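Subject: Structure for you to look through

Hi,

Here is the structure I promised to pass on. Please open it beside this email and follow along.

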Amino acid sequence: MTDQVNIPPPLTTPPIQSSADETPHQLQGRIGVVELMLTVLAFSAPLTVVAAFAVFVLSYNRSAPIAFAVAIVLLLLFAVGYTTMTRYLPNPGAFYAYITAGLGRHAGLGSSFLAMFGYVAMAVGTVAFFGTIAASLVSDTFYGPSIPWYVYSLLCVAVAGILGYFRIDLSARVLSVVMGCEILIVLIFNAAVLVDGGPEGRSPEPFSLGSFAADDIGLAVLFAATCFLGFEATAIFREETRNPDKTVPRATYGAVLFIGVFYLVSIWLLIVAYGPSQAQTVAINDYAGMFPNAVTSYVGAWATDAVRVLLCSSIFACLLSVQNILARYTYSLGVDNVLPQPLSRVHPKHGSPYVSSVTVTVVLLLVLGGVAIAGADPGKVYASLAGTGGFAVLVLMFLTGVSALAFFRKRSDIANRRVFNMFIAPLLSAVSMAIVLYLAITNFTHMTGGSTLQAVGLQIALWATFLVGIVLAAVYKARRPETYLRIGRQKVG
């Protein structure tokens, strides 16, 4: 898929001028390392992971902490090549820009379409889940009125859209507060279990390699890896950070290490709370109640109520993070004139991609409205769309690893050629992500929670979206060469 157009030199890309109003397209923001970390980690919804997905990993493997440790290593290898590229490719656009630089504009545009498809799927699935949790919280915990789930979901999208309209700093502050609260409640639970010791003591058994090898390694690692999705979006906010050359790499490594250790310790202590001999059985038989029941036992009923409330805020934060990412992908494609140029407009006061943000919000409302009118089960919608979106991101991470190898092989002008960062780590990342992707393909029905027929349909939709981007790039190359040259936020002229 690579083309022969030369990759631009490693210079800071100037704002591309709009043919319509000749105003510069430059997003504004001053978020730092911690704020950027929390902004992208909100995508992962840490409380939701500990309360649900980590339990799912445990149901497949008694040594779930090892599965998370393996995922940390795999994603750190990915981060090495990914962040090294940021030094020599200061273009915003994340997957879109990086895959274009290494594998060419056809693959790059296909990847951008796949990214938007995946993030839209995750956004719709996430907000459907929010609706069910919020409806249950209001009616069961607060004894309020019974309101259809989609009412809460529509309000959730609307509020996220309003926040996304303004400067990124506002969203970053909201996400930081929400993230802080949900991490705090899990840390309180962890501390209580650590002090108590559990029925079988603070056993190291969950770290047993023998137990890890005896259970399902593939599915455990696959689902552990998907718990980290979102950290890769740090580069999409490049224009809105302080000192991006340092902020983006530090936030990327920090996100993987912080959330990885958080997950690993939390799932270990959840196992300790029940005892290693019983934990997996509980995870299989009482998947939804395992974490809340443990919180009630070790901290108290007040903490369980707090978890229910924070679970809603956690899912909302996830949607807000996805909405911001989607808006910036759409904005980048607007800047390149791949999508309509008005999508590239920057708010004169807030420095936000406000037209793209509003467009994303409208699209999500329309899709969600269609789901509600169809009478679909929100739980099934969440499972199928979240799994589909996660698969799309895994594909993009694999392509990025391959792209990093190709990029550094082409860039003979780089004097300081760090072999590990530029070749060994990207190669190991590409191989390991290929294995994870194989596991995802062969277990796609598990990822989406539906039938084989549904899984086939979702796979066709995924790859068709990728192909549409490739074909569109070919059309632009033949009919609109200037637009073709811009693909991947490339410098023109």
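First, a definition: the expected span of a helix is 1.5 Å times one less than its number of residues. Helices here are DSSP runs of H or I with at least four residues, strands are E runs of at least two, and both are numbered from the N terminus. Now take helix α3, residues 64-88. With 25 residues at 1.5 Å a residue, α3 should span 36 Å, and its end C-alpha atoms are 37 Å apart, which agrees.

Some ground rules. This is a predicted model, in which local features need pLDDT of at least 70 and side-chain atom pairs count only at pLDDT 80 or more, while totals for chains, interfaces and linings use all residues. Residues are numbered from 1 along each chain as its sequence is written, and side-chain values use heavy atoms, with hydrogens and water left out.

**Cover**

Buried means under 20% relative accessible area, exposed means over 50%, and partly exposed lies in between (1.4 Å probe, protein chains only). How many residues of α3 are buried? The count is 20 of 25, so α3 is mostly covered.

**Aromatic pairs**

Rings of Phe, Tyr and Trp (its six-membered ring) pair if their centres lie within 6.5 Å. Planes under 30 degrees apart count as stacked, over 60 as edge-to-face, and the rest as tilted. The structure holds 26 aromatic pairs. One of them joins Phe56 and Tyr60 edge-to-face, at 5.2 Å centre to centre with 80° between the planes. These two residues sit four apart in helix α2 (residues 46-60), so about one helical turn separates them. An α-helix has 3.6 residues a turn, so residues three or four places apart point the same way.

Phe56 counts as partly exposed because its relative accessibility is 23%. Tyr60 is at 18%, so it counts as buried. Tyr60 also pairs with Phe223, and this pair is stacked: 5.8 Å centre to centre, 10° between the planes. The pair links distant parts of the chain, with Tyr60 in helix α2 and Phe223 in helix α9 (residues 217-226), 163 residues apart. Both Tyr60 and Phe223 are buried.

Ring pairs link Phe68, Phe228, Phe258, Phe262 and Tyr263.

**A charge over a ring**

A charge sits over a ring if NZ of Lys or CZ of Arg is within 6 Å of the ring centre and within 35 degrees of the ring normal. Which ring lies under the charged end of Arg105? That ring belongs to Tyr484, and the charged end is 5.8 Å from its centre.

**Salt bridges**

A salt bridge is a side-chain nitrogen of Lys or Arg within 4 Å of a carboxyl oxygen of Asp or Glu. The structure holds seven.

- Asp169 and Arg167 have their closest N and O atoms 3.0 Å apart. Asp169 is buried because its relative accessibility is 9%. Arg167 is partly exposed at 26%.
- Arg238 meets Asp245 at 2.6 Å, N to O. Arg238 has a relative accessible area of 8%, so it is buried. Asp245 is partly exposed at 43%.
- Glu482 meets Arg486 at 3.5 Å, N to O. They are four residues apart in helix α19 (residues 481-486), so about one helical turn separates them. Arg486 is buried, at 11%.

**Loops**

Look at two backbone angles. Ala45 is not a glycine, yet its phi is positive, near 50°. Ala45 lies in the loop between α1 (33-44) and α2. At 6% relative accessible area, Ala45 is buried. Asn337 is not a glycine either, and its phi is about 65°. Its loop runs between α13 (301-335) and α14 (354-374). Asn337 is partly exposed, at 23%.

**A surface patch**

Ile147, Tyr150, Val151, Leu154 and Leu155 make a nonpolar surface patch of about 370 Å². Patch residues have over 30% relative accessible area and no salt bridge; like charges are joined within 9 Å, and nonpolar side chains (Val, Leu, Ile, Met, Phe, Trp, Tyr) within 5 Å. Accessible areas come from the Shrake-Rupley method with a 1.4 Å probe, and for residues only the protein chains shown count as cover. Ile147 is in the loop between α5 (105-141) and α6 (149-165). At 32% relative accessibility, Ile147 counts as partly exposed.

Best wishes
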